[in-house]
Amino acid sequence: MALSSDSSTGRDSREKITIQNVSRSYESTQALADVSFSVAEGEFCCVVGPSGCGKTTLLRAIAGLDDPDGGSILVGGDPVTGPGLDRGMVFQEYALFPWRTVRGNIRFGLDRPACDCPDCEARVKELVDLVGLDGFEDAYPKELSGGMKQRVGIARALAVDPEILLMDEPFGSVDARMRDRLHGELLDIWTQTEQTVVFVTHDIDEAVTLADRVIVMDADPGTVQSTFSIDLERPRGRTARDFVDHVAQIRDELGSPVETSH
Ligand code: ADP
């Protein structure tokens, strides 16, 4: 689904996340400076930009894990004051508990992680199936490939059926073939769940593969440079003319070498 024109600053009745003039400094570093944009309900929004432009800081602020110095973040019209069950987060380095099995890690994402009632057990089973880990319920993280670990991370984030999925370079550590597969699986899950997704990446190809809209950030200080609507049918072929054109436009906008998958 594509947003109409540029809605980076205007309010919209479908707005799910509203970021208004957000700033965040760490000692002498201004990680975010006056960042404003909004994300529509059900939108798949990718944030790209060079290392250090504040992508993780921004995502953590939306998750309620970090408190900006200025500005505000609204979710469904309400200010973010801390983490909440309405937002699930997937981290770059999996962040799984090594001493818990796949089932145990996914259960941890439930509101009642210690509960083994039939409903919670059924929910874990549903999530295992959703991310394609059937048969691996009793495996420990060290027994899994990077792609499988990240699927556990996704299942854990989805456990309480959050309205918003926040993903911080989730596929940065998996190989290109597995990444392609996970892109397809993530888009299938997104279609089924109709969640609002904010997906951080420094890979332009990945952003154009996934997003309805790409927010391009600049570093030092971290600001929003521009936004691009990606109005292409899915699944998107990376060699298609329109795809290549979008990638080239974003790369030109960034004006510096940012990774692509090729
Ligand atoms: P990105 O995710 O785009 O790489 P980050 O949000 O991680 O960017 O970081 C933005 C800037 O803020 C960087 O210059 C980084 O070094 C700095 N920064 C992030 N977290 C901290 C922290 N906890 N303490 C000090 N500086 C930080």
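Modeller: Start with proline 235, which lies in the loop between S10 and helix H7 (241-254). Helices (H or I, at least four residues) and strands (E, at least two) are DSSP runs, numbered from the N terminus. The model is predicted, with local features needing pLDDT of at least 70 and side-chain atom pairs pLDDT 80 or more, while totals for chains, interfaces and linings use all residues. Residues are numbered from 1 along each chain as its sequence is written, and side-chain values use heavy atoms, leaving out hydrogens and water.

Colleague: What kind of peptide bond joins arginine 234 and proline 235?

Modeller: A cis bond, with omega at about -5°. Aspartate 220 and proline 221 are also joined by a cis peptide bond, and omega there is about 0°. Proline 221 sits in the loop between strand S9 (213-218) and strand S10 (223-229).

Colleague: What is the phi of glutamate 27?

Modeller: Phi is near 45°, a positive value in a residue other than glycine. Glutamate 27 is placed in the loop between strand S1 (15-26) and S2.

Colleague: Which residues surround the ligand?

Modeller: Tyr26, Thr29, Ala31, Pro50, Ser51, Gly52, Cys53, Gly54, Lys55, Thr56 and Thr57 do. A residue is counted as near if one of its heavy atoms lies within 4 Å of the molecule.

Colleague: Which elements give two or more residues to the shell around the ligand?

Modeller: Strand S2 (29-40) and helix H1 (55-63) do, and the largest share, 3 residues, comes from H1. By class the shell has 4 nonpolar, 6 polar and 1 charged residues. Gly counts as polar in this scheme, whereas Tyr, Cys and Pro are among the nonpolar residues and Lys is among the charged ones.

Colleague: Why is the largest pocket said to lie between two domains?

Modeller: Domain 1 (14-51 + 65-85 + 164-172 + 195-256) and domain 2 (87-161) both give residues to its lining, so the pocket lies between them. The bounds come from an automatic or database domain assignment. The volume of this pocket is about 380 Å³. Of its 16 lining residues, the closest to the centre are Gly84, Arg87, Gly88, Met89 and Ala157. Strand S6 (87-90) and helix H4 (146-158) each give two or more residues to the lining, which by class has 10 nonpolar, 4 polar and 2 charged residues.

Colleague: Which element gives the most to the lining of the second largest pocket?

Modeller: Strand S4 (residues 70-75) does, with 4 residues. The second largest pocket has a volume of about 160 Å³. Its lining has 14 residues, with Asp66, Asp67, Pro68, Val80 and Thr81 the closest to the centre.

Colleague: What separates a cavity from a pocket?

Modeller: On a 1 Å grid over the protein atoms alone, a cavity is a set of points where a 1.4 Å probe fits but cannot get out, whereas a pocket is an open set with protein on both sides within 12 Å along at least five of seven lines; lining residues have an atom within 4 Å of a point. Searching the whole structure finds 1 cavity of 30 Å³ or more. The largest cavity holds about 40 Å³ of space, a volume being the space filled by probe spheres set on the points, with grid points joined across faces, edges and corners.

Colleague: Which residues line the largest cavity?

Modeller: Val131, Arg151, Ile154, Leu182, Glu185, Leu186 and Ile189. H4 and helix H5 (176-193) are the elements that give two or more of them, and H5 has the largest share, 4 residues. The lining divides into 5 nonpolar, no polar and 2 charged residues.
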